[in-house]
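Dear colleague,

Please find the structure below, together with its sequence. My notes on helix packing and aromatic contacts follow it.

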Amino acid sequence: MRMKLLILFACLLSGFISSRSQTLFSFSQNDVVSPNPLELLMVNLTLIQGADSRGAVCLDGTLPGYHLDRGFESGANSWLIHLEGGGWCDTIRNCVYRKKTRRGSSKYMENQIPFTGILSNKPEENPDFFNWNRVKIRYCDGASFTGDSENEAAGLQFRGQKIWLAAIEELMSQGMDNAEQALLSGCSAGGLASIIHCDEFQSLLPKSSKVKCFSDAGFFLDAIDVSGGRTLRNLFGGVVQLQEVQKNLPKNCLNKLDPTSCFFPQNLVEHVETPLFLLNAAYDVWQVQASLAPATADPLGAWNDCKSNHANCSSSQIQFLQDFRNQMVDDLKDFSRPSQTGLFINSCFAHCQSERQETWFADDSPLLEDKPIAVAVGDWYFDREVVKSIDCPYPCDNNCHNLVFRRV
C-alpha cells in the first residue's frame, strides 16, 4: 500500500475559535514543515499600498497583502491566483481574537512563505502551471473575501470584498490585465471564495482570456452533526450576519434561498457560469472535526479517537461518515453534468490537497483513474480530457495521504 499517514499538530493560530469555544482546525501550506526547507521557493510578502484609502483593510485595519512569483517563457502572460484559507470568525469575540493573528492582520503575516504544490515553479512538481505568474492572496478578513461592514466599538473592519477587489486591481497593474490564461484557485475558506468570486473574476479579465476556476476543499456541506444539530450552518449564519456577506452573494441564489444557504457551495455551484473544477476529499477532515463532530456536538468525546485517526472509528461512526460522503456525491450530481465542469473527489481523510506537494504531484500522490490531482486539473483546464472522477467509498482507495492527529 502506498498510503501515507501525515501527523499534524493542531495549531490554534491556524484555525479559529467558534462562539461555542470549540477549537476548529484549518490546514494550509504555511502550517506544514517541509522535509527539505532549503529546496523550497520562498516568496516575499507585498502589501497593497493605498488599499486603506479604498477601505480594503484586514480585520485590524492593516493593509492586505499577497505573494507573487513571476511567470516566465511560455507562461509569462498566464496567471494563477490562489486565495488563502483559514476558517472564519462568526462573533465579535472571535474576530477580536483573530485580528491578533496572521488571519486578521498583516502585522503577523510571514514575510516569506513557501510556494509548493500548485504554486511551485518546478515542472517536476507542477507540470502545467510552473511557469505561470503564481499569486497567493493572504486571507485576513474572516469571511472568505466577501464581507463588507465594520464594528467601530470593537475596532473591527470586515472588508473581505474590498480586499478581493483591491488585490485584483493591484495584479492588473502588475500585468494581469494582459492575461491570456487565468485560473482562480483557493483552499478551504479560500476554496469557497474561489466559487463565490469565480464569475466576477472572469468579468474583470480581458474577454479574450481563457478563464477557469478551481476550488480545493471548499465544498462545505450543510450537514447534520452527530448530535442532530447543524454546527456549520450556525457558524455560517453568524459570519453572514456579522459581516453582511449577503451584499456579495449571487442574486440568483438569494432570489431563491436565505443568505446563509447561499454561503454553502452546494447552493452556489449551479449558478456559476465560468468553468469550475472541484477537488475535495469525500471525508474532508476539517468538516469531520469542525462540522460533523465538534466538541459542542460531542461533549463526552465519543468521537475523539475517530477524529484523530479514522482507523479508530467504530462501524457506526464509519457509517455516519459514509452518509456524509453520500450527501456530497448527491449534491454534486447536477454540477457534474455540464461538460465544462471538473471533479476529483477521492475517498481520503484529507484537506487542501493542491497546496501540499505530496498530494498535488509526487511519485506517490493520490490517484483517480490513474491520474494524480495535478494532471487531472491540467487536463481539465487545457481541455485535453473531460475529468469527472468520483472515488469508490472508503476503504477502497490505497493511494490516500490521510491526515492523522496527535492529541496533546
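The axes of helix α8 (residues 285–292) and helix α10 (residues 315–331) come within 12 Å of each other and cross at roughly 110°. That makes α8 roughly perpendicular to α10 (65 to 115 degrees). Axes here are lines fitted to C-alpha atoms, for helices over the stretch in contact, with angles running from 0 to 180 degrees between N-to-C directions. Helices (H or I, at least four residues) and strands (E, at least two) are DSSP runs, numbered from the N terminus.

This is a predicted model, in which local features need pLDDT of at least 70 and side-chain atom pairs count only at pLDDT 80 or more, while totals for chains, interfaces and linings use all residues. Residues are numbered from 1 along each chain as its sequence is written, and side-chain values use heavy atoms, with hydrogens and water left out.

In the contact between the two helices (heavy atoms within 4.5 Å), Gln287, Val288 and Leu292 of α8 meet Phe320, Leu321, Phe324 and Met328 of α10. These residues divide into 6 nonpolar, 1 polar and no charged; Ala, Val, Leu, Ile, Met, Phe, Trp, Tyr, Cys and Pro count as nonpolar, Asp, Glu, Lys and Arg as charged, and the others, Gly among them, as polar.

Turning to the rings, the structure holds 24 aromatic pairs, that is, rings of Phe, Tyr and Trp (its six-membered ring) with centres within 6.5 Å. One of them joins Trp132 and Phe382 edge-to-face (planes over 60 degrees apart), at 6.3 Å centre to centre and 85° between the planes. The two residues are 250 apart in the chain: Trp132 is in the loop between β7 (112–115) and β8 (133–137), and Phe382 in the loop between α13 (373–381) and β17 (388–390).

Phe236 belongs to helix α5 (residues 231–243) and Phe263 to the loop between α6 (251–254) and α7 (265–268), so the pair ties together parts 27 residues apart in sequence. Phe236 is buried at 0% relative accessibility, and Phe263 is buried at 0%.

Finally, Phe129, Trp132, Phe214, Phe277, Trp360, Trp380, Tyr381 and Phe382 form one aromatic cluster.

Yours sincerely

Technical notes. Parallel < 35°, antiparallel > 145°, perpendicular 65-115°, else oblique. Phe/Tyr/Trp six-rings, centres within 6.5 Å; stacked < 30°, edge-to-face > 60°. Buried < 20%, exposed > 50% of the residue type's maximum accessible area, 1.4 Å probe, protein only.
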